[in-house]
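Dear colleague,

Please find the structure below, followed by a summary of what was found in it.

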Amino acid sequence: MACSCDGYDDGVKNIHPPPKQFMTEEHHNTPQFLRDLPPQFEPLRSFLTTNLLRYIKITEEDVGCLNSDLTGDLLHLWQSKIGGHPYLPQGTSYPVDGKTGEMMMFLMQVNCIDLPQIEGFHLPQQGIIQFYSGLDVPMCELSPEKHRILYFPEVFQDESKLVTDFSFTESIRENHEWYDQIYALEFSVERDLFWEDRYSDEQIAIPDDLMDIAEEFHSWLSDYDDENKTAGLGNKLGGYVSLDPFEVDIEGAKGRLLLQLKHPFNSDDNFYFFIEDSDLINLDFSKVGSCFWRM
C-alpha cells in the first residue's frame with residue numbers, strides 16, 4: 001500500500017471548496033447515458049429520469065504522499081482528504097481495532113462544510129467525519145468492529161489544539177504498508193440510475209407497457225457501461241451501492257449507502273459504509289455497517 005515520494009516542500013496546500021449551496025432539481029447534471037440515449041429508447045426517458053437517485057460524487061486530486069519521516073502532508077489537518085494525517089483534537093485517542101488493539105488505518109475525512117446538500121440525505125452541515133479501517137478485515141462480510149467512524153462537530157483551525165506529530169504510527173505503517181498517497185477532495189451532486197444487474201439492490205418496477213423496450217434498453221445499457229466504464233463505480237456519498245463487475249452481495253447491510261470508496265492509490269481495495277437514516281439524523285455513527293472487498 002505504501003509509495004515512495006520525495007521532493008515535496010513543507011508548505012501546506014490550501015484547497016478552497018466551492019461555496020456551499022442547496023442543489024435544486026434544475027442544477028443536477030443529466031447522466032451521460034441519458035445524453036447518449038438512442039432515439040428508439042425515447043419512450044423510456046421520462047421513466048428513467050423519474051428513477052434517478054441523487055448522490056454526492058467525490059473527485060480526488062493527487063497532491064503527493066507522506067515522506068518516510070511522515071512529513072509531506074500538503075493539506076491542512078481539517079481539510080477534506082483521502083490519506084495524509086487526520087484531524088485529531090489534543091486528547092483524542094487514535095482509533096484502534098477492538099479485538100487486536102492495533103491502530104487502524106486512516107482512510108478518509110470529509111469536512112462537511114465542503115458538501116452540497118441533498119434533500120433527504122441528512123449529512124451534517126458542519127464538522128468532520130472520518131473513516132478508519134482495521135488491518136485484518138474479512139472480505140465481503142459486514143464487520144463493523146473492523147472499521148471506525150469518528151465525527152467531530154466542532155472544527156478547530158488552530159494547530160496548537162490538534163495532534164500534529166503522528167510519529168507514533170510509524171512502526172505499524174511500515175509493517176502493514178499503509179497507504180501513503182494523499183488526495184484533496186471536491187464534491188458535486190450527480191444522479192444515477194439503478195437498473196437490473198447494474199447494482200446489487202432492489203430492482204425498480206417497470207410498467208407493463210414499457211417491458212418490451214426495457215429489455216432492449218437493458219442490453220444497450222450493459223454494453224454502454226462496458227464501453228464507458230460507467231454504472232456508478234466512482235467514489236461517492238449516498239446513492240446506490242455498486243458492486244460490478246463481480247456482483248458481490250453484501251448480505252445484512254441495513255439503511256442507506258453512506259460512503260463507497262474505491263481507494264485511488266490501490267483501486268483493488270473497496271470500502272462500503274451503510275447507515276440507518278435515523279442514526280444519520282442523530283449523528284450517531286456507532287452502528288454503521290461496513291464492508292471491505294478486494295478485487
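Accessible areas come from the Shrake-Rupley method with a 1.4 Å probe, and for residues only the protein chains shown count as cover. On that basis, the accessible surface of the chain is about 14400 Å², with 45% of it belonging to carbon and sulfur atoms. The model is predicted, so local features need pLDDT of at least 70 and side-chain atom pairs count only at pLDDT 80 or more, whereas totals for chains, interfaces and linings use all residues. Residues are numbered from 1 along each chain as its sequence is written, and side-chain values use heavy atoms, leaving out hydrogens and water.

Of the 295 residues in the chain, 50% are buried (under 20% relative accessible area; exposed is over 50%, and partly exposed lies in between; 1.4 Å probe, protein chains only).

The whole structure holds 13 aromatic pairs (rings of Phe, Tyr and Trp, the last by its six-membered ring, with centres within 6.5 Å; planes under 30 degrees apart are stacked, over 60 edge-to-face, the rest tilted). Tyr 94 and Tyr 132 form an edge-to-face pair, because their ring centres are 5.6 Å apart and their planes stand at 85°. Both Tyr 94 and Tyr 132 are buried.

Phe 166 and Phe 168 make a tilted pair, 5.9 Å between centres and 35° between planes. Phe 166 is buried, at 3% relative accessible area, while Phe 168 is partly exposed at 40%.

Yours sincerely
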